[in-house]
Amino acid sequence: LLTRRSRHNPSSQSFYLVLAMILDSKQQDEAMKLLKQSSMFHACHDEALRKVVKDMDRIEFQKGDILMKQGDPQDRAFFIAEGQIRRERLVNDRSHQVVDTFGNTDPDQYGNRKIAIGALHVLKQEPSFAHAKCMSNGYLYTMPSDVLQKHLQDASFATQVVHSLSVEVRRQSNHVRWLMRTPLLEQRPKKTNVIAVSLAASVESFYRSGLNAAMNARLSGQWGKLFPNMHIQMPARIMYINGFKGLRQFLDLTVKPDEYSSPTAVRLAAVIAPGIIMTPLSSILEATNAGHMNPEPITTRWMRGISWRMVREVIFGIGLNQMSDYWEERIPHSLVEAEALRNALGSLVAGVCSGYLSHIPHNLSTLKLMTPSKSYMDHLGALVSQSEGRVPHSMSPAARRALATGIAIMFPRAVMIRTAQIVGSFVILNGTINALKYVELPTSIPTAF
C-alpha cells in the first residue's frame with residue numbers, strides 16, 4: 001500500500017477511498033476485461049491495455065456513496081467490477097435517471113455491459129454529466145485523466161482508441177433513430193407516387209364505405225347499403241387521398257416557414273390547409289352514403305353539415321400525414337425494427353387519436369347531413385338525450401343531464417366504429433404507400449428532398 005487518500009463530497013456527506021496500489025496479475029486481468037467491455041477500449045490490443053491497467057487504481061465503495069457530482073470536473077473514469085452505480089441528472093430542478101443502473105447488468109446485444117462512467121469526459125476533465133451514486137457495496141477500477149493522456153501519446157494505442165470509438169458510433173447510428181424528435185408541425189413528407197396512393201385509396205374506399213354504413217346505422221337506427229354508389233365513391237376517394245398527400249408534398253416544397261416572421265403560424269396553416277381544401281370532395285363522398293335518409297339530390301345534399309365536416313377533415317388530414325409520421329418516429333427501434341411494422345404502429349396510434357378527436361365533428365356533420373331540418377344544437381341535444389340512458393336514475397335531473405352531456409362528448413356514440421374505421425384507413429393507406437414509395441414512376445409526386 002503506497003498511499004491512502006479520501007475524497008469528500010460536502011453535498012452528500014459521503015466518500016470513497018482510493019487505494020493507490022500496484023494491481024496484482026489477477027486484478028490486472030479483471031481491469032483489462034472491463035476495459036474490453038467498454039465502448040472506448042473494446043478494440044484495443046491486450047498488450048496496450050496491459051500497460052494502461054498498471055496505472056489504474058482500485059476503489060471499494062459502500063451503498064450510498066457519491067462517486068461524482070454533476071458538474072464537477074471528470075478527473076477519472078470509472079469501470080465497475082462489482083456492485084451497482086446509478087447516474088442521475090438534475091434538469092430544471094428535477095432529477096432524472098440516466099440510461100440505466102450501471103454495473104452488474106446483463107450484456108447488451110453486442111455483449112457489452114454498462115460498466116464505464118465518465119470515459120467520454122475524462123480526457124479534458126470536462127464537467128461530469130450526472131451524479132454517480134452507489135446503489136450497493138462493491139468495487140471498481142479508475143483511470144485518472146493524466147493516465148489516459150499519458151498513454152494516448154502512444155500513436156498505436158491512440159489509433160486503437162479511435163477505432164473503438166468509430167465502431168461504437170457506427171453501432172449507435174443504427175439505434176439512435178428513436179431519439180429523433182421532430183415536432184408535429186415540422187414533420188417532412190416521405191416520397192410518394194400517385195399510383196401507390198391510388199391503389200391504396202381504391203382498396204380503402206370499400207373498407208371505409210362499409211364502416212361508414214355501420215356508423216350511420218348506429219347513429220340513425222336505420223341500415224343503408226354497405227357499398228352505395230361506388231362508381232362515385234371510388235374515384236372521389238382516389239382524388240381525395242391523392243389530394244391530401246399531394247397537397248402536403250406541394251406545400252412542403254413551396255412554403256418555407258422559416259422565411260416568415262411567425263414560422264409556427266405558417267407551419268400550422270400548411271398543416272390544416274389540405275383538410276380545408278379537401279372538404280368539398282369529402283362532402284360528396286359523405287352524401288353518397290346518406291341517400292336512404294336524405295332524399296335531396298346529391299348536388300344539394302353534399303352541402304349539409306359542411307362546417308363541422310371541415311373540422312373533421314382537418315383532424316383527418318393531420319392524422320393521416322403528420323401524426324402518423326410523428327408516432328412512427330417515436331417507436332423505439334429496440335422495440336420494433338421492421339419498417340413496415342413501425343409504419344403500421346404509427347398509423348394505428350395516429351388513427352386512435354384522430355378517430356377519437358374527430359368523432360364529435362363527424363357525428364354532428366353526419367346527423368346534419370341525414371336530417372338537415374334540425375340545427376346542430378338539436379342534434380347535440382339528441383346525442384345527450386341518448387346518453388342519459390347510461391346515467392343512473394337515482395341522480396337529480398340536472399346532474400343526470402350534466403353527466404350525460406359529458407358522456408356524449410367524452411365517450412360519444414359509435415366512437416369504437418369510427419376509431420376502427422380511421423385506424424384501418426390509416427394502416428391501409430400509409431402501409432400501401434410506404435411499401436411502394438421506392439418505386440420509380442413517372443407519376444411520382446416531387447418532394448423537397
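Buried residues are those under 20% relative accessible area, exposed ones are over 50%, and partly exposed ones lie in between (1.4 Å probe, protein chains only). By this scale Arg58 is buried, because its relative accessibility is 16%.

The model is predicted, so local features need pLDDT of at least 70 and side-chain atom pairs count only at pLDDT 80 or more, while totals for chains, interfaces and linings use all residues. Numbering runs from 1 along each chain as its sequence is written, and side-chain values use heavy atoms, with hydrogens and water left out.

## Overall composition

The chain holds 15 helices and 12 strands. Both are DSSP runs numbered from the N terminus: helices are H or I with at least four residues, strands are E with at least two. Of the 449 residues in the chain, 46% are buried. Among contacts (heavy atoms within 4.5 Å) with a separation of 6 or more, 74% join residues 24 or more positions apart. The accessible surface, from the Shrake-Rupley method with a 1.4 Å probe and, for residues, only the protein chains shown as cover, comes to about 22100 Å². Carbon and sulfur atoms account for 61% of that surface.

## Salt bridges

A salt bridge is a side-chain nitrogen of Lys or Arg within 4 Å of a carboxyl oxygen of Asp or Glu. By this rule the chain has 17 salt bridges. The table gives three of them.

| Pair | N to O distance |
|---|---|
| Arg58 and Glu60 | 3.1 Å |
| Arg208 and Glu286 | 2.8 Å |
| Glu329 and Arg330 | 2.7 Å |

Arg208 and Glu286 form a salt bridge with their closest N and O atoms 2.8 Å apart. This pair links distant parts of the chain, 78 residues apart: Arg208 is in helix α5 (residues 194-220) and Glu286 is in helix α8. Arg208 counts as buried because its relative accessible area is 4%, and Glu286 is buried, also with a relative accessible area of 4%. A network of salt bridges links Arg208 and Glu286 with Arg312 and Glu313.

Glu329 and Arg330 are both buried.

Helix α7 covers residues 263-277. The expected span of a helix is 1.5 Å times one less than its number of residues. For the 15 residues of α7 this gives 21 Å, which agrees with the 21 Å between its end C-alpha atoms. The helix bends by about 30° at Val271, and Pro274 follows within four residues. The bend at a residue is the angle between axes fitted to the seven residues ending there and the seven starting there.

Val266, Arg267, Val271, Ala273, Pro274 and Gly275 are the buried residues of α7. Their cover includes α6 (230-254), α8 (279-287) and α10 (306-330). Thr264 is also found in α7, but it is exposed, because its relative accessible area is 52%.

Helix α13 (residues 376-387) has 12 residues and should span 16 Å; its end C-alpha atoms are 17 Å apart, which agrees. Its buried residues include His379, Gly381, Leu383, Val384 and Ser387.

## The surroundings of Cys44

Cys44 sits in the loop between α1 (25-36) and α2 (46-53). This cysteine counts as buried because its relative accessible area is 1%. Leaving aside residues up to four places away in sequence, Cys44 touches Lys36, Leu49, Phe157, Gln160, Val161 and Ser164. Cys44 and Gln160 are 116 residues apart in sequence, and their C-alpha atoms are 5.0 Å apart.

## A nonpolar surface patch

Tyr356, Leu357, Ile409, Met410 and Phe411 make a nonpolar surface patch of about 500 Å². Patches are made of residues with over 30% relative accessible area and no salt bridge; like charges are joined within 9 Å, and nonpolar side chains (Val, Leu, Ile, Met, Phe, Trp, Tyr) within 5 Å. Helices α11 (339-357) and α14 (397-410) each supply at least two residues of the patch. Phe411 lies in the loop between α14 and α15 (415-435), and its relative accessibility of 53% is why it counts as exposed.
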